[in-house]
Structures are given as structure tokens and as C-alpha cells.
Amino acid sequence: MTRHVTRATIFDAVPFLYSQEQADAIIAGYPEHERDARGKGLPQLGSGRVFPIADEKISEPPFQLPRHWPRLNGIDFGWDHPFGAVQTAWDRDADCIHVTRAFKQREAIPAVHVAAVRPWGSWVPCAWPHDGYQHDKGSGDELASGYRKHGLEMLSEHATHQEGGFGVEAGITEMLERMMTGRLKVFANLGEWFDEFRIYHRKDGIIVKEFDDLMSATRIAIMMRRFAAIEPKRDLDNWRDMAVA
């Protein structure tokens, strides 16, 4: 059976039912985080959303990152549910964290994940969650060690808050505060990141641990931003030798 979904927005009714001004006024009357769902028909969960923030408040066009901004990858291990990874850049002057890259894939081995993430910069440290101490069912190695063997610059310890502990709610609270104060921005071309962001929700007050891989990777990176690193400067003499060769 063939199915087709046609999505109509309030703006398709302009100028037949509403003027542009009337449509804008109707949208403006909705809570900010409900405007895309009500006005554009984009799926999202209203009162249950973990981050009741409109996309436009945190999205930004991709741009060339200043070299002095330290970078850090956050990863979330997965097999049945996808492995997720993001790269962040930290503007320390404004204390603003920018999510610049994202990758997720299910049922793939560490070598595949590393092949996708390492080109982001082999020197970029990778923060990882406490379940990285679990052992891989195939090799018997700790998960984090397996990624380190394949060439990722894994931090020596699992992610913790600066004051200690690794509670999820504390990390979520910091993410939300940053979003609301303009100190967490996400490149607008990261479609999979925004797909998760829109439906990341709670049920009976508890965060639903599904379709949250990039959200978790982002939270881990923010927790460990103190370990972000600046791109090493290329040694000039070595560069000249390579150029001559």
C-alpha cells in the first residue's frame, strides 16, 4: 500500500483565508516552542519537551571557526540504538558553545565510527560517558579503549561535571540555560541534531531514553568543555621540509 503525507501550513491559506499580517499574528500568539508545530506542521512534543525552545533561537549558519576556539568531541556509545558524536567549539570570550558537526549510525563497529569522526581533526579530544568502561561483547576490550586503539583521541577518564558526578539532569539543566541565554548554538545544517532536539521529551517527568544519541553526545561535550583543545600550530620548519619534498 502506498502512502503519501501532504503537509499544509497556515501560510498556505494566505491570502485566501488570512492576510500575511493575520497569519503572523496568529503564529506570534503561540508559545515559542510550539510555533513550528502549529504553524508549519513540523512534528514535536509540546509540554513534554526537554528543551521547549524554537529552532531559530539556537540555530546559526555554518561559518569558519576561529583557530583559537578550543574544540572537543562528545560521543555516546551505541549498537542497537545509534552511536552518536558531535564536535563542539567553545568561544571562551562569550562562553558560548557551538555544535558544528554531528554523526550517528547504528549497528556499526568502532572502526566505522572512528572513520567518520577522526577526519574532524585527529587532535581533537573526545569526551565519553561512564558506560565506556563496559566491555565490548566481541573483543572483550573496554569500549573506550577500543576507540582509542582505532585512533580517536579519547580522554583518559569518563565525562564528569567540573564539581564531580555525572548526573544527567544537571547536564540537561546547563544545556537549557545556555539555550535560553544564547550561549549554545548549533549549525543550521545539522538536520539529524535538530530532529532529535524537537522530539527529546519526558514521560511522567522522566527523560525518555530513545532517539537521544546526539543530545547525549552534546551534553557530554558540554560537561567536559574544560578539556577542549586548540588546534596545534604546524611546525614551520617541518612544513617547509614537506613542501620541498
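Seven strands make up an open sheet with mixed pairing, in the order β1-β7-β4-β3-β2-β5-β6, where strands are DSSP runs of E of at least two residues, helices are runs of H or I of at least four, and both are numbered from the N terminus. Two strands count as paired if DSSP finds at least two bridges between them. At the edges stand β1 and β6 (153–154), each of which pairs on one side only. The model is predicted, so local features need pLDDT of at least 70 and side-chain atom pairs count only at pLDDT 80 or more, whereas totals for chains, interfaces and linings use all residues. Residues are numbered from 1 along each chain as its sequence is written, and side-chain values use heavy atoms, with hydrogens and water left out.

Helix α4 packs on this sheet, touching β2, β3 and β4, and its direction makes about 140° with that of β4; such angles run from 0 to 180 degrees between N-to-C directions, with axes fitted as lines to C-alpha atoms, for helices over the stretch in contact. Within α4 (residues 110–117), the buried residues are H113, V114 and V117, buried meaning under 20% relative accessible area, exposed over 50% and partly exposed in between, with a 1.4 Å probe and protein chains only. These residues lie on the same side of α4 because they cover an arc of only 100° around the axis, the arc being that of the directions from the helix axis to the C-beta atoms. An α-helix has 3.6 residues a turn, so residues three or four places apart point the same way. The buried residues of α4 pack against β2 (71–76), β3 (83–91), β4 (96–105) and α5 (143–149).

Strand β4 is largely enclosed by the rest of the structure, because seven of its ten residues are buried. Nine bridges join β4 to β3 in the antiparallel sense, with Q87 opposite R101 in β4. The two strands form a hairpin with four residues between them, and in its turn D95 has a positive phi of about 50°.

Strand β4 also pairs with β7, here in the parallel sense and over three bridges, and V99 has V186 of β7 as its bridge partner. Two bridges join β7 to β1 (residues 59–60), and these strands run parallel; here the partner of E60 is F187. From β7 (residues 184–187), L184 and V186 point one way and K185 and F187 the other, and all are buried.

The largest nonpolar core has 28 residues, and those with the most contacts inside it are F51, I58, M179, W193 and F197; such a core is a set of buried Ala, Val, Leu, Ile, Met, Phe, Trp, Tyr and Cys residues joined through side-chain atoms within 4.5 Å. At least two residues of this core come from each of β3, β4, α6 (168–180), β7, α7 (191–199) and α8 (213–223), and α8 gives the largest share, five residues. Leaving aside neighbours within four places in sequence, I58 is in contact (heavy atoms within 4.5 Å) with I53, M179, L184, K185, V186, W193, F194 and F197. Apart from this core lies another, of 23 residues, among them I75, V114, V117 and C126.
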